[in-house]
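Welcome, and please open the model in your viewer. We will go from one selection to the next, with a short note on what you will find at each stop.

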Amino acid sequence: MMAAPHFGFVVAAYAFALIVVLAMIGAILWDYRAQSEALRRLEAARTGRDAT
Amino acid sequence: MWSFANPTVFLALTRRLLPGLALATAGLFALGLYLAFTAPPDYQQGETVRIMYIHVPAAWLSTFIYGVITLASLGTLVWRHPLADAAQKAGAPLGAAFTLICLVTGSLWGKPMWGTYWVWDARLTSVLVLFIVYLGLIALWRSIEDPGRAARAAAILTLVGCVDLPIVKFSVDWWNTLHQPASVFRLGGPTIAPELLWPLLVMALASTLLFLTLHLMAIRNEILRRRVARLTMLAAAEGDALSAPRLATRGLGA
């Protein structure tokens with residue numbers, strides 16, 4: 001299979017798709033972490049203020 | 001059904017659904033890739049036909065996601081529902097990413113089969129226009145600060161961009177193009193051999209599940225972002241000793 005002509009195009013296509021999919025997953029997970037962290041910080045500050 | 005449109009209920013639902021969806025997506029991709037690389041090569045295209053197993057699902061998703069965003073846009077314009085806003089905002093980058101995969105893998109398939117990476121043919125050009133519309137939607141969301149106004153503007157642009165969908169679908173029938181006509185969803189049944197069709201269908205299902213999983217995750221992020229924005233404004237309004245001065249400094253610096 002790997003010796004077939006144009007197999008490089010197949011590898012390049014799958015590699016590109018993999019990179020884009022991993023970038024999508026990474027961006028969404030990173031965003032989730034950032035928003036959860038910000039929400040936790042704000043809720044902690046709010047709870048602290050309400051307690052005083 | 002409508003109870004799921006409540007953001008809090010939606011968050012609880014995604015928490016339960018996401019692990020199973022992610023697992024099913026990974027499993028289907030493993031099966032799909034195994035079938036794709038053990039399927040026989042095409043009698044004309046040889047091994048190059050294996051690009052089809054990622055190109056075609058990405059092409060289907062590029063229009064399917066636009067359809068999802070269009071429905072969400074109607075939800076925004078008709079019911080002004082915040083979850084519809086979040087769904088259309090979360091869908092645009094995913095649609096752009098799958099359309100990019102479709103364009104690049106198609107180009108990599110075109111070079112050995114047609115002798116060129118690109119031609120200004122009706123199918124290729126209409127998909128490029130779809131990609132540009134997706135980028136326009138992302139830019140619009142980023143350029144308007146008020147989420148309600150941004151959602152309405154993006155919804156209108158989405159509905160205008162809808163005109164491109166039938167052009168993408170029927171371009172191969174309406175004009176003479178290098179691109180082959182529909183060979184799976186057509187009257188008279190698929191023209192692809194079952195040995196090649198089954199891996200394609202499994203990969204299409206895996207890609208659709210991937211989109212569904214990522215879309216739910218991205219909608220969840222949008223709901224959290226709105227909560228963060230609301231709490232930040234509340235903190236600033238109440239003269240929070242920690243948050244307000246930081247916001248004011250950022251505002252002056254901008």
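A crossing of two helices is called left-handed if the near helix is turned anticlockwise from the far one by less than a right angle, and right-handed if clockwise. Keep that in mind for the second stop, and remember throughout that this is a predicted model.

**Stop 1: chain B as a whole.** Select chain B and colour it by secondary structure. You will see eight helices and zero strands, so the pattern along the sequence reads α-α-α-α-α-α-α-α. The C-alpha trace of chain B spans about 70 × 40 × 35 Å along its principal axes. Of the 254 residues in chain B, 35% are buried. Among contacts in chain B between residues at least 6 apart in sequence, 75% join residues at least 24 apart.

**Stop 2: a helix pair.** Next, select residues 122–143 of chain B, which form helix 4, and residues 164–174 of chain B, which form helix 6. Their axes lie 8 Å apart, and the packing angle is about 160°. Angles over 145 degrees count as roughly antiparallel, and helix 4 and helix 6 of chain B are therefore roughly antiparallel to each other. Which hand does the crossing of helix 4 of chain B with helix 6 of chain B have, left or right? The crossing is left-handed. To show the contact, pick A122(B), R123(B), S126(B), V127(B), V129(B), L130(B) and V133(B) on helix 4 of chain B, then D164(B), I167(B), V168(B), S171(B) and V172(B) on helix 6 of chain B. By class, this contact has eight nonpolar, two polar and two charged residues.

**Stop 3: where the chains meet.** Now bring chain A into view. In the contact between the chains, 31 residues of chain B meet 25 residues of chain A. On the chain B side, helix 3 (82–114) and helix 7 (194–237) each supply at least two residues. Helix 7 of chain B gives the most, with 12 residues. The chain B side divides into 18 nonpolar, six polar and seven charged residues.

**Stop 4: the largest nonpolar core.** Finally, select A13(A), I51(B), I54(B), L94(B), F98(B), M203(B) and L214(B), which touch the most other members of this 59-residue core. Helix 1 (7–51) of chain A and helices 2 (52–79), 3, 4, 5 (147–161) and 7 of chain B each supply at least two residues of the core. Helix 3 of chain B brings the largest share, 15 residues. Zoom in on M203(B) to finish: leaving aside residues up to four places away in sequence, M203(B) touches G32(B), A36(B), Y53(B), I54(B) and P57(B).

Technical notes
Residues numbered from 1 in each chain as written. Chains lettered and ligands numbered in written order. Predicted model: local features only at pLDDT ≥ 70, side-chain atom pairs only at ≥ 80, totals over all residues. Axes fitted to C-alpha atoms, helices over the stretch in contact; angles between N-to-C directions. Helix = DSSP H or I, 4+ residues; strand = E, 2+ residues; numbered from the N terminus. Parallel < 35°, antiparallel > 145°, perpendicular 65-115°, else oblique. Contact = placed C-beta atoms within 7 Å. Nonpolar A, V, L, I, M, F, W, Y, C, P; charged D, E, K, R; others polar. Buried ≥ 20, exposed ≤ 12 C-beta atoms within 10 Å, placed from the backbone. Core = buried A, V, L, I, M, F, W, Y, C linked by C-beta atoms within 7 Å.
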